[in-house]
Amino acid sequence: MLFCSVAAAGTPARPVLADASRIIRLSSLEWPPYTGAALPQQGATTAVIAAALASMGYRLEVHYFPWSRTIALIKHDSPFAGYYPEYLSAGRALDFLVSDPIGSGPLGFAYHADAPVQWETMADLSRYRIGVVEGYVNTSEFDARVRQGAQMVDTAVNDKQNLRKLAAKRVPLVLIDRRVYEHLILNDADLRAVAPALRFHPRLLEDKQLYICFRSNAEGERVRKIVNQGLKRIDIEAVVAAALSAGGAK
């Protein structure tokens, strides 16, 4: 059980009460540098949510799970009001109530240094089997092409597994957030050994907004309103920058 109560620099937080009714519980995954139990402030995205809630007099409690379970817990009976961080898609918007943006992340491709890939359009990517994480939303166009059979993919359980497959040349490209890529190759002992063989492509697929997905019920709407009001009271970019700096990321 992990608690986080962080206010943005220069933003006075209301006193956070010990009353259980002032605690907001969310589920998440280990996705450094954005989320993670061992990270400073539990990651940059967690810091944003905690700061927003602190400005409203609430405290954030986060529990970490594998990604598929992180989502499933919000679809079924559990103590969590929502999960994060999520990319927005039509399906997610139908299944959940979605917060205002809680930051963004640069989504692109990692490739092997021995086999650089050049691409300009999505059609250029169709010749490659691209490593993706099972259950992740990517971009609307990319995911649509996958559903239509126009884009080949190779699924993994997490980003680390994808990068290991890339290092072994089992896939030519891996779809990954640039900050996640940089954090993993710098901090993961297994990946540090193969990091010299990996590169991140300068052409981004998209700078993706990140969101919280809440239960589609009255409680989910109540918590969403609290979070959204708190987000308006803080400087999201400043909170993210401070948390990334504390964690050695950028």
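The protein's secondary structure comes to 10 helices and 12 strands; helices (H or I, at least four residues) and strands (E, at least two) are DSSP runs, numbered from the N terminus. This is a predicted model, in which local features need pLDDT of at least 70 and side-chain atom pairs count only at pLDDT 80 or more, while totals for chains, interfaces and linings use all residues. Residues are numbered from 1 along each chain as its sequence is written, and side-chain values use heavy atoms, with hydrogens and water left out.

**Overall shape and burial**

- A compact globule of 250 residues would have a radius of gyration near 18 Å, and the protein agrees with this because its own value is 18 Å. The radius of gyration is taken over C-alpha atoms, and the globule rule is 2.2 Å times the number of residues to the power 0.38.
- Taken along the principal axes, the box filled by the C-alpha atoms is roughly 55 × 35 × 30 Å.
- Of the 250 residues, 53% are buried. Buried means under 20% relative accessible area, exposed means over 50%, and partly exposed lies in between (1.4 Å probe, protein chains only).
- Counting contacts between residues at least 6 apart in sequence, 75% join residues at least 24 apart. Contact means heavy atoms within 4.5 Å.

**Helix α1 and its packing on α10**

- Helix α1 (residues 44-54) is mostly covered, with 11 of its 11 residues buried. Among them are T45, T46, I49 and L53.
- The axes of α1 and helix α10 (residues 236-246) come within 8 Å and cross at roughly 135 degrees, which means that α1 is oblique to α10. Axes are lines fitted to C-alpha atoms, for helices over the stretch in contact, and angles run from 0 to 180 degrees between N-to-C directions. Angles under 35 degrees count as roughly parallel, over 145 as roughly antiparallel, 65 to 115 as roughly perpendicular and the rest as oblique.
- The crossing of α1 with α10 is right-handed. A crossing is right-handed if the near helix is turned clockwise from the far one by less than a right angle, and left-handed if anticlockwise.
- On the α1 side the contact is made by A44, A47, V48 and A51, and on the α10 side by I236, V239, V240, A243 and L244. These residues divide into 9 nonpolar, no polar and no charged. Ala, Val, Leu, Ile, Met, Phe, Trp, Tyr, Cys and Pro count as nonpolar, Asp, Glu, Lys and Arg as charged, and the others, Gly among them, as polar.
- An α-helix has 3.6 residues a turn, so residues three or four places apart point the same way.

- In helix α5 (residues 140-147), the buried residues are F142, D143, A144 and R145. Their cover includes α4 (122-125), β7 (129-133), β8 (152-156) and β9 (173-177).
- Helix α6 (residues 159-167) packs against α7 at an angle of about 75 degrees, with the axes 11 Å apart. That makes α6 roughly perpendicular to α7.
- D159, K160 and L163 of α6 meet V180, Y181 and L184 of α7. This contact divides into 4 nonpolar, no polar and 2 charged residues.
- H183 also lies in α7 (residues 178-187) and counts as buried because its relative accessibility is 12%. Not counting residues up to four places away in sequence, H183 touches P32, P33, L39 and D188.

**Backbone features in loops and strands**

- P32 and P33 are joined by a cis peptide bond with omega of about 10 degrees. P33 sits in the loop between β2 (23-28) and α1.
- Q41 is placed in the loop between β2 and α1, and its phi is near 60 degrees, a positive value in a residue other than glycine. Q41 is partly exposed, at 27% relative accessible area.
- A cis peptide bond also runs from Y84 to P85, with omega near -10 degrees; P85 lies in strand β4 (residues 82-86).
- K169, in the loop between α6 and β9, has a positive phi of about 60 degrees although it is not a glycine. K169 counts as exposed, at 52% relative accessibility.

**R222 in helix α9**

- R222 lies in helix α9 (residues 218-231) and is partly exposed, with a relative accessible area of 34%.
- Leaving aside neighbours within four places in sequence, R222 is in contact with I24 and Y58.
- The C-alpha atoms of R222 and P116 are separated by 48 Å, and the two residues are 106 residues apart along the chain.
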